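Please read the following report alongside the sequence and the structure, which are shown just below.

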Amino acid sequence: MNKPLALIIEDDFDLSEIFSTALQGDGFETEIVPDGKTAIDRLTGIAPAVILLDLHLPQVSGATILEKIHATEKLAKTAVIITTADAQLAVGLRSQADLVLLKPVSVSQLRELAKRLLLNWQASHSANP
Amino acid sequence: MTNKRHLLANRWMLTPVEIIAIVVFVVLTISGVFVSVQDALQLGRALNLNLTQTIILNQGIVNLQREVQLTHNEVTRLLGRLDNPPKPITRFVFVKIQVNNLSIAVGSPTRTYIFAKDDLALVQEIVDQSAVIEHWITTWEKSGSTTQETAILKTMDTQLGTMETKIKQLVDRQAILQREEIIQTRDSLGASQRTTLLAGSVLLLVSIALAGVFRRTLTLRLQQAVEADRLKSQLLANVSHEFRTPINAIQGYSQLLNEGTYGGLTDKQQTAIRRILINTTQLKGMVNNLLDRAQIEQGRIILQNEPFAPIELIETTHSALNILAETKNLELTSEITSDVPARLNGDVLRLQQILFNLVSNAIKFTESGSVHMRIYLTDQEHWALQVTDTGIGIPLEAQEQVFAPFWQIDNSATRQYRGSGLGLSIVKQLADLMGGNIDLSSQPEKGSTFTVIFSMETKR
């Protein structure tokens, strides 16, 4: 079975590396996108299993990317996880995501989550091959 | 610290106030208002006054002299001749004096008052109030940090305000008495009573004037300190994100290394990375507390009110702090009683911080045994977050102070138990913001229990 793809939309280099490494350790393929514009471009071509989305991004905001995700049919099954330190902003957007992780996100928190997502993904892929 | 010393301790070192006072003094002397500088200085020394106080005393003598038609020399000599010269009770009140069974004497900057005995209680209150202020001045002189100093100055300012109000009250009550009556009473006194009255009047006058001068100086210092504190808080609140980001990165990489995500480590490498993690966790806790204090002071904390799972609180705190507990061979245990609903309402991040601070504080001050976290219902409307340890405990007399910022049992504790001394004060501030109540019960050498009780309908 192929590894599921996690798209990490995050402008902080260190944070995206940490997210990426943690998810890879748990069986994900990862791709890092450091700004909003690249994210919009990239989302037309791929259908990741998980998107980790930072809300404060250069060029195009996280909220716009959320709209794009919801408008794209092939991303309907993608688990969208907002990662932000801005609790207020997160509350406003929580209905548009599967999960909101308030930064700082600990590695153990992330790995727990990755394990659950992976199980979900495997279950849905074996049910609908 | 230096300025305080100038103002209050080093009797003959000059503050700006004193320099101005000297200039006024010299001008008044030249213009003949003061008859004898020598007499005034001698009297000041005899009464253990500093230069400012001496000058104020002189002004009082000049006023009194006008009032009772005695010469300056006669007044100073009267005071000097007393077998039992009045001793300072505090820095502000030198004497409270009972003239006879019916009257007490008080001087004001412009006249001598004789009060009915009924007012004795009020005079006593002023004396008591000044004793409280005296206590705070001593604390102020010993205070180390600007923040501590600001807190003390604020308290002192309030106390001085109360004292001023009482003095004004005393004077106002007198204002309704007929002046003739006062003079009659005064004239009917015997010679020794008159002397005592004079001494008491002059010295109370000094205390009233001193309170005024001190308060003005204090107000200025307070304004400066408050402004400095505000700027510091603003800076911290502004750079908050910049502080947290690198610490989170260090913690993230360390966790990945520790979990072997980048490959296996040798024992020595594993030990080193654990030490990095432990220290980063401590640093992060301290930085978070400093930044949150700044944000609370700036009024920038906006509470959320969202449903959360109580288990989240326990799990997050456990995963962050277990490494610290393990290092000291302490057991970190937890319990959620069965009556607690699966979802509670509140600001989960702030609640996590309360629990984090209580638990890290408990770990810090516990050398053996355990730290226990508990979430339970106190009644139908309230739930509680409780942390119990088997640590050094807090003596009863110190229990009220533990929630004050930067406080630790003693200063040596700061070195022994690293930390900013901010954790519990943040707990208190956050709990207050959320409308919660903190309860502390503790026995030295046995341990402490901190309980924070919240309403089920958390305040927004």
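Helix 1 (residues 13-25) of chain A lies across strand 1 (5-9), strand 2, strand 3 (50-54) and strand 4 of chain A, at about 170° to strand 2 of chain A. Helix 3 (residues 62-71) of chain A also packs on the sheet and touches strand 1, strand 3 and strand 4 of chain A. Contact here means heavy atoms within 4.5 Å, and the angles, from 0 to 180 degrees, are taken between N-to-C directions of axes fitted to C-alpha atoms, for helices over the stretch in contact. Helices (H or I, at least four residues) and strands (E, at least two) are DSSP runs numbered from the N terminus.

| Helix of chain A | Strand of chain A | Angle |
|---|---|---|
| Helix 1 | Strand 2 | about 170° |
| Helix 3 | Strand 3 | about 155° |

This is a predicted model, in which local features need pLDDT of at least 70, side-chain atom pairs count only at pLDDT 80 or more, and totals for chains, interfaces and linings use all residues. Residues are numbered from 1 along each chain as its sequence is written, chains are lettered from A and ligands numbered from 1 in the order in which they are written, and side-chain values use heavy atoms, leaving out hydrogens and water.

The open sheet of chain A has 5 strands in the order 2-1-3-4-5, with parallel pairing, where two strands pair if DSSP finds at least two bridges between them. Its edge strands, each pairing on one side only, are strand 2 (29-33) and strand 5 (99-102) of chain A. Strand 4 (residues 79-84) of chain A is joined to strand 5 of chain A by 4 bridges, and A:Ile81 has A:Leu99 of strand 5 as its bridge partner.
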